[in-house]
Amino acid sequence: DWSINDFEVGRPLGKGKFGRVYVARETKTKYIVALKVIFKEQIEKYKLLHQLKREMTIQTSLHHPHVLRLYGWFHDAERIFLILEYAHGGELYGELQRSGHFSEQKAATYIASLTHALAYCHEKHVIHRDIKPENLLLDHEGRLKIADFGWSVQSTNKRRTMCGTLDYLAPEMVENRPHDYAVDNWTLGVLCYEFLYGSPPFEADGQADTFRR
Ligand code: ADP
Ligand code: MG
Ligand code: MG
């Protein structure tokens, strides 16, 4: 079993709502990973244990070149640690910010990678439900990796929980109707537009306007 003593922890890579992520090196093998650290207090406060368990079991079961690997996990008294594949290139969001928008060639390559990864997930009845540029990471060779399975679910039934991020929400989600894997496919169109144009198609000043658009 792993413990924090097996790792040398380096610089922070990013931070989400509940987790901070650090680059780390397994001391014996020198293998570089990313450690996602989540405080148990937060899990209890926001009742996220069920969701975190899903993230762990679902992501562990997925093995695809464009899906970020989750190698394992461990915990101590205060924290839960997820051992993740390290994505050296960081968020696709950052690359899009730096370039403004992508060439057709580059956009097509990312969309193809994402499409293959989603087809693989959907074949296993896994819906990601939070595809957006912050959750798409790039490895050292610029290959796209789907990350953050915190909203994912494995099911063949229609789902009812509203989740995801406003600019990427499918109409059925916006209207609070039952949804399925098609909500991930919707994001392919949104991202295709955003990659070529530089901002997502339904962006507006206020949330209500994005909903309406
Ligand atoms: P949350 O569920 O809190 O949104 P994420 O898993 O999305 O947490 O991680 C938050 C951020 O940390 C990501 O958007 C990214 O910038 C960074 N990050 C997460 N995992 C990795 C990784 N394996 N390699 C590099 N950066 C990562
Ligand atoms: Mg995230
Ligand atoms: Mg998450």
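Let us start with helix α6 (residues 182-197): its 16 residues reach 23 Å from the first C-alpha to the last, close to the 22 Å expected at 1.5 Å a residue. That expected span is 1.5 Å times one less than the number of residues. Helices (H or I, at least four residues) and strands (E, at least two) are DSSP runs, numbered from the N terminus.

This is a predicted model, in which local features need pLDDT of at least 70, side-chain atom pairs count only at pLDDT 80 or more, and totals for chains, interfaces and linings use all residues. Residues are numbered from 1 along each chain as its sequence is written, chains are lettered from A and ligands numbered from 1 in the order in which they are written, and side-chain values use heavy atoms, with hydrogens and water left out. The mean pLDDT (the predictor's confidence in each residue, from 0 to 100) is 96 for the protein, and 100% of its residues reach 70 or more. The model scores ipTM 0.99 and pTM 0.97.

Back to α6. Its buried residues (under 20% relative accessible area, with exposed over 50% and partly exposed in between; 1.4 Å probe, protein chains only) include Val183, Leu188 and Phe195. The buried residues of α6 pack against α3 (92-99), α4, β7, β8 and α5 (171-174), where contact means heavy atoms within 4.5 Å. Just after α6, Gly198 takes a positive phi of about 105°.

Next comes the sheet. Three strands form an open, antiparallel sheet in the order β6-β8-β9, and two strands pair if DSSP finds at least two bridges between them. Strands β6 (90-91) and β9 (144-146) each have a single partner, so one side of each is left without a neighbour in the sheet. Three bridges join β8 (residues 136-138) to β9, and Leu138 stands opposite Leu144 in β9.

Now for the magnesium ions. Donors are N, O and S atoms within 2.8 Å of the metal (3.2 Å for Na, K and Ca); water is not among the atoms, so sites may look incomplete.

| Ion | Donors | Distance |
|---|---|---|
| magnesium ion (ligand 2) | Asn135 (OD1), Asp148 (OD) | 2.1 to 2.3 Å |
| magnesium ion (ligand 3) | Asp148 (OD), Asp148 (OD) | 2.1 to 2.8 Å |

Asp148 bridges the two ions, ligand 2 and ligand 3, which lie 4.3 Å apart. Asn135 lies in the loop between β7 (126-127) and β8 and Asp148 in the loop between β9 and β10 (153-154), so the pair ties together parts that are 13 residues apart in sequence. Asn135 counts as buried at 8% relative accessibility, while Asp148, at 25%, counts as partly exposed.
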